[in-house]
Amino acid sequence: MTFKENFADLRKQAGLSQNDVAEKVHVTRQAVSRWECGETVPEIETLQALSGLFGVTINDLLGYPTDLACQSCGMPVTPDQMGRFPDGALNEHYCKWCWDQGKFVRDCTMEEMVEQCLPHMPFGTPEENRAFLQNLLPTLERWKK
């Protein structure tokens, strides 16, 4: 789907008029109409505001595929499981169990993260899952440093 299709669907699902959206993201109703007609696409700041308003990622708004994994624990992440920045915008890099309000929820070591994740892995033996996580975590953004 394209931005104009995604945006129109999200606006209607939220039960918002073009005027409602315009007021919430501080643009004109005409700008909202142009987005739905495919004449223009919002600037990045407005995309961020729309992301927060609809509870989806910017990638979702733009129609890009998203197979995201938390860059702290490695678990798959959907928009409703994403961490948030202090302004409410979604953080596509971290899940809500690892990141909230612009910072990591847990101050832990990589090995502690492995142990915290193990009970939430539904497949494989604990030994297989531990080995998997011990190989995966060092490749993730949080632990590369």
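**Aromatic pairs and overall form**

Analyst: In this predicted model, the structure holds 7 aromatic pairs.

User: Why is the pair of phenylalanine 7 and phenylalanine 54 called edge-to-face?

Analyst: The ring centres of phenylalanine 7 and phenylalanine 54 lie 6.0 Å apart, and rings count as a pair if their centres lie within 6.5 Å. Their planes stand at 70°, and an angle over 60 degrees counts as edge-to-face. The pair of phenylalanine 7 and phenylalanine 54 is therefore edge-to-face.

User: What makes this a link between distant parts of the chain?

Analyst: Phenylalanine 7 belongs to helix H1 (residues 3–13), whereas phenylalanine 54 belongs to helix H4 (residues 44–54). The two are 47 residues apart. Both phenylalanine 7 and phenylalanine 54 are buried.

User: How do you know which kind of pair tyrosine 94 and phenylalanine 104 form?

Analyst: The ring centres of tyrosine 94 and phenylalanine 104 are 5.0 Å apart, with the planes at 80°. The limit for pairing is 6.5 Å, and the edge-to-face class begins over 60 degrees, so tyrosine 94 and phenylalanine 104 make an edge-to-face pair. This pair, too, links distant parts of the chain: tyrosine 94 lies in strand S4 (residues 90–95) and phenylalanine 104 in strand S6 (residues 103–104), 10 residues apart.

User: Why is tyrosine 94 called buried? And why does phenylalanine 104 count as partly exposed?

Analyst: Tyrosine 94 has a relative accessible area of 5%. Buried means under 20%, so tyrosine 94 is buried. Phenylalanine 104 has a relative accessibility of 29%. Exposed means over 50%, and partly exposed covers the values in between; phenylalanine 104 therefore counts as partly exposed.

User: Which residues do ring pairs link into a cluster?

Analyst: The cluster consists of Phe3, Phe7, Trp35 and Phe54.

User: Let us turn to the whole chain. How many helices and strands does the protein chain have, and what pattern do they follow?

Analyst: The protein chain has 8 helices and 6 strands. Along the sequence, their pattern is α-α-α-α-α-β-β-β-β-β-β-α-α-α.

User: Why is the protein chain called more spread out than a compact globule?

Analyst: For 145 residues the globule rule gives 15 Å, while the radius of gyration of the protein chain is 18 Å. That value is well over the rule, so the protein chain is more spread out than a compact globule. The C-alpha trace spans about 55 × 25 × 25 Å along its principal axes. Buried residues make up 36% of the 145 residues.

Technical notes: Residues are numbered from 1 along each chain as its sequence is written. This is a predicted model: local features need pLDDT of at least 70, side-chain atom pairs count only at pLDDT 80 or more; totals for chains, interfaces and linings use all residues. Side-chain values use heavy atoms; hydrogens and water are left out. Helices (H or I, at least four residues) and strands (E, at least two) are DSSP runs, numbered from the N terminus. The radius of gyration is taken over C-alpha atoms; the globule rule is 2.2 Å times the number of residues to the power 0.38. Buried means under 20% relative accessible area, exposed over 50%, partly exposed in between (1.4 Å probe, protein chains only). Rings of Phe, Tyr and Trp (its six-membered ring) pair if their centres lie within 6.5 Å; planes under 30 degrees apart count as stacked, over 60 as edge-to-face and the rest as tilted.
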